[in-house]
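Me: Hi! Could you walk me through this one while I have it open?

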Amino acid sequence: MKIRINFNYFLLSLGCLLLLSLLLAPHTQPLQGAIPPETNAKAIGYQTEFGPIGTGITVFKRRVLNSRFSSDTTLLNKEKVEQMIQPKGTRRFDRNFWLAELLFIVLIAYGFGRYDSITGFIKKTGSLKYTYHLSARFIPWLTAIAVLLLLIGLVDGLVFAPIDAKQKDAYRIIFIHVPASSISLQLYVFMALMAAIGLIWHIKIAEILAAAAAPLGAALTAISLITGSIWGGGTWNTFWEWGDPRMMSVLILLFIYLSIMGLNSAIEDRRTAASATAILTLSALVIIPFVILSVNYFNTLHQAQTQIFNKNSMDPRMARPLVIMIFAFMFYTAATLLMRVRAEIIHSERNTQWVSEEAAGS
Amino acid sequence: MKTLIDFFYMGGDWGYVWSAYSITAIFMLANMLLPLRRRRKLLAQIKRKVDKGKNRK
């Protein structure tokens with residue numbers, strides 16, 4: 001069985017995307033005048049009006065916000081204000097940070113692809129064997145760094161970081177919620193790149209990496225959703241709101257991860273499974289910008305993305321453990337990804353000589 | 001001792017903070033242990049298969 005890409009589907013999905021973006025595009029009003037002290041999303045012109053969906057969101061938001069933090073300026077609303085009035089320099093720095101990270105992911109993906117194609121050209125099965133042994137050498141180091149960073153980040157975040165003015169100690173969930181969410185999105189981009197490389201050049205290690213990333217991403221998304229829900233229960237007085245763009249888009253991301261896992265395990269032949277999964281992964285990539293931008297373009301309960309390097313947006317004593325935790329989660333993800341890759345390599349190479357030798361030696 | 005109790009009490013938010021952290025810990029540990037177990041199981045399976053093939057010869 002062979003899967004062929006029909007470019008009509010790409011055109012069709014592109015058209016659907018365009019239509020969706022036209023339907024959902026919010027007409028954000030520009031900033032007007034000085035910002036009053038009792039600022040909220042509405043006061044600074046962040047109100048969006050776009051048909052029945054938007055009205056529904058506005059209504060539930062008013063209802064929920066009235067419950068606990070209605071009239072006061074809290075971290076939730078202040079964030080959005082700070083983001084709009086912050087100096088230009090910090091914003092550029094933040095953007096560069098994310099761009100650099102994206103470049104980092106692209107470089108890693110490219111390196112993996114090149115590496116496999118060079119060695120694979122010489123000896124086709126050799127590269128998987130080499131990756132298997134090479135990753136065994138990497139995993140202890142990655143795990144050690146992850147554990148070390150986790151310990152430092154946890155102590156710094158739970159003990160030394162000051163309490164939030166409004167949320168008190170409940171905000172400390174940020175030190176796991178934000179890294180998990182951030183890595184779940186980055187891992188999806190990584191997975192999509194791997195899927196594309198596997199689909200175009202039929203490179204085995206890329207296919208294996210894509211297959212190994214899905215369950216890990218699902219777990220991270222689940223962590224993000226659960227911790228976010230608990231945090232919301234403490235500060236918004238609601239654990240879950242159906243219809244909130246951020247919560248819904250992350251829930252859809254979880255379902256996408258789960259469906260990728262399901263599709264991958266449903267097809268017996270590994271190469272066919274990889275192709276089918278790659279197409280699903282690439283077409284579902286749409287959700288990533290939607291998740292990221294949902295807090296900026298829609299009227300959601302969720303606060304806008306915290307500007308980690310902006311002192312007005314976040315206390316440096318809170319930002320430091322957060323950055324440490326993000327890196328800790330990165331190393332943890334790399335370590336567990338390689339663990340999964342090792343298991344996957346054994347599975348896909350189970351009929352080869354070297355795996356038999358490996359099994360006999362274990 | 002009192003500071004330790006204060007630390008775990010989290011200003012009254014202990015239920016939210018510690019439940020979130022413990023659930024995350026469980027997920028992360030499971031994520032590390034499951035692939036290790038899977039690889040060990042696969043290797044054991046392959047070993048059994050190889051041994052069977054040798055006995056037949």
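What follows is a chat about the chains, their contacts and a few residues.

Me: Before we start, what kind of model is it, and how is it numbered?
Reply: This is a predicted model, in which local features need pLDDT of at least 70 and side-chain atom pairs count only at pLDDT 80 or more, while totals for chains, interfaces and linings use all residues. Residues are numbered from 1 along each chain as its sequence is written, with chains lettered from A and ligands numbered from 1 in the order in which they are written.

Me: What are the scores?
Reply: The model has an ipTM of 0.91 and a pTM of 0.73.

Me: Great. What is chain A made of?
Reply: Chain A has twelve helices and zero strands. Helices (H or I, at least four residues) and strands (E, at least two) are DSSP runs, numbered from the N terminus. Of the 362 residues in chain A, 38% are buried, that is, with 20 or more other C-beta atoms within 10 Å of their own; 12 or fewer counts as exposed and in between as partly exposed, with C-beta atoms placed from the backbone.

Me: How many residues of chain A are in contact with chain B?
Reply: 33 residues of chain A are in contact with 24 residues of chain B; contact means C-beta atoms, placed from the backbone, within 7 Å.

Me: And which helix of chain A gives the most there?
Reply: That is α7(A), with ten residues. Helices α7 (204–235), α11 (316–348) and α12 (353–361) of chain A each supply at least two residues to that side. By class, the side of chain A that touches chain B has 19 nonpolar, seven polar and seven charged residues. Ala, Val, Leu, Ile, Met, Phe, Trp, Tyr, Cys and Pro count as nonpolar, Asp, Glu, Lys and Arg as charged, and the others, Gly among them, as polar.

Me: At what angle do α12(A) and α2(B) pack?
Reply: About 100°, with their axes 8 Å apart. Axes are lines fitted to C-alpha atoms, for helices over the stretch in contact, and angles run from 0 to 180 degrees between N-to-C directions. That makes α12(A) roughly perpendicular to α2(B); angles under 35 degrees count as roughly parallel, over 145 as roughly antiparallel, 65 to 115 as roughly perpendicular and the rest as oblique. Among the residues making the contact are Val355(A) and Ala359(A) of α12(A), and Leu43(B) and Ile46(B) of α2(B).

Me: Is Arg39(B) buried or exposed?
Reply: Arg39(B) is buried, because 21 other C-beta atoms lie within 10 Å. Arg39(B) sits in helix α2 (residues 14–56) of chain B. Leaving aside neighbours within four places in sequence, Arg39(B) is in contact with Arg342(A), Ala343(A) and Ile346(A).

Me: Switching topic, where is Thr300(A)?
Reply: Thr300(A) is in the loop between α10 (287–297) and α11 of chain A. Thr300(A) is buried, with 21 other C-beta atoms within 10 Å.

Me: What does Thr300(A) touch?
Reply: Not counting residues up to four places away in sequence, Thr300(A) touches Asp244(A), Pro245(A), Arg246(A), Ser294(A) and Val295(A). Thr300(A) and Asp244(A) are 56 residues apart in sequence and 5.9 Å apart in space, C-alpha to C-alpha.

Methods:
Contact = placed C-beta atoms within 7 Å.
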